[in-house]
Amino acid sequence: MSSPLLLGVLAGLAVAMPVGPVGVLLLRTGLVEGVRVAVAAACGIATVDLAYAVVAVAVGAPVSRVLGEHASLVRGIGAAVLVVVGAVGLVASVRAARRAPETGPSAGSSPLVAYARFVGLTAINPMTALTFTTVAVGLALGVSGAASAVAFVVGAGAASLAWQVLLAVGSGVFGGRLPLRARLAVSVVGAGAVVLAGVALLV
């Protein structure tokens with residue numbers, strides 16, 4: 001039988017590694033707002049993944065069934081939120097690009113605001129919910145006992161956090177080397193990609 005810790009790591013990576021709309025937003029945050037804000041955002045994503053792991057070992061099968069029965073509603077709500085978030089970011093990015101300040105970009109979100117925003121975005125992200133109802137819950141079914149459950153949750157949370165922080169630090173370091181206009185261009189493209197991803201989920 002596989003180690004519960006290893007099963008948790010696999011579940012965490014399965015939920016975290018596919019770079020969907022939230023992943024694009026995390027990369028955009030690192031490129032535009034820097035490492036500190038991006039790492040806070042990464043922690044927000046990992047927090048939700050950790051919560052999903054707790055649910056997976058506690059009541060995974062019933063929750064998976066309920067989410068499966070309401071998959072269209074979950075997808076619709078998540079898509080609508082992604083479109084709104086992407087549109088707001090796109091408008092702000094276009095306005096910033098038009099101003100093109102010579103002294104550097106305007107101050108972005110605080111780490112705490114970024115953390116809270118990404119907790120909300122990840123919680124309603126339909127891709128995360130879909131992966132949770134399949135891979136994560138399936139792996140968690142092989143876990144029994146309190147100690148094994150804790151090991152599974154720790155593995156899932158640590159794996160998700162490590163991956164998200166890697167993306168955050170990588171994009172933040174790379175973004176810090178880009179000239180201002182390039183960062184603004186990345187911001188516009190990233191926000192536009194999130195809008196398109198939301199629209200794709202709606203059609």
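Helices here are DSSP runs of H or I with at least four residues, numbered from the N terminus. The model is predicted. This briefing covers the packing of helix 1, residues 4-16, against helix 7, residues 146-176. It then turns to Leu 10 in helix 1 and Ser 160 in helix 7.

**How the two helices pack**
- Two packed helices are described by the angle between their axes and by the distance between those axes.
- For helix 1 and helix 7, the angle is about 35 degrees. Their axes lie 6 Å apart.
- The crossing of helix 1 past helix 7 is right-handed.

**Which residues meet**
- Helix 1 brings Pro 4, Leu 5, Leu 7, Gly 8, Val 9, Ala 11, Gly 12, Leu 13 and Ala 16 to the contact.
- Helix 7 answers with Ser 148, Ala 151, Phe 152, Gly 155, Ala 156, Ala 159, Ser 160, Trp 163 and Gln 164.
- By class, this contact between helix 1 and helix 7 has twelve nonpolar residues, six polar ones and no charged ones.

**Leu 10**
- Leu 10 belongs to helix 1.
- Its relative accessibility is 43%, so Leu 10 counts as partly exposed.
- Leu 10 and Phe 152 are 142 residues apart along the chain. Their C-alpha atoms are separated by 9.4 Å.

**Ser 160**
- Ser 160 sits in helix 7.
- Ser 160 is buried because its relative accessible area is 0%.
- Neighbours within four places in sequence aside, Ser 160 is in contact with Gly 12, Ala 16, Ala 46 and Asp 49.
- Among these partners, Gly 12 and Ala 16 are also listed in the contact of helix 1 with helix 7.

Key
Residues numbered from 1 in each chain as written. Predicted model: local features only at pLDDT ≥ 70, side-chain atom pairs only at ≥ 80, totals over all residues. Heavy atoms only, no water. Axes fitted to C-alpha atoms, helices over the stretch in contact; angles between N-to-C directions. Helix = DSSP H or I, 4+ residues; strand = E, 2+ residues; numbered from the N terminus. Left-handed = near helix turned anticlockwise from the far one by under 90°. Contact = heavy atoms within 4.5 Å. Nonpolar A, V, L, I, M, F, W, Y, C, P; charged D, E, K, R; others polar. Buried < 20%, exposed > 50% of the residue type's maximum accessible area, 1.4 Å probe, protein only.
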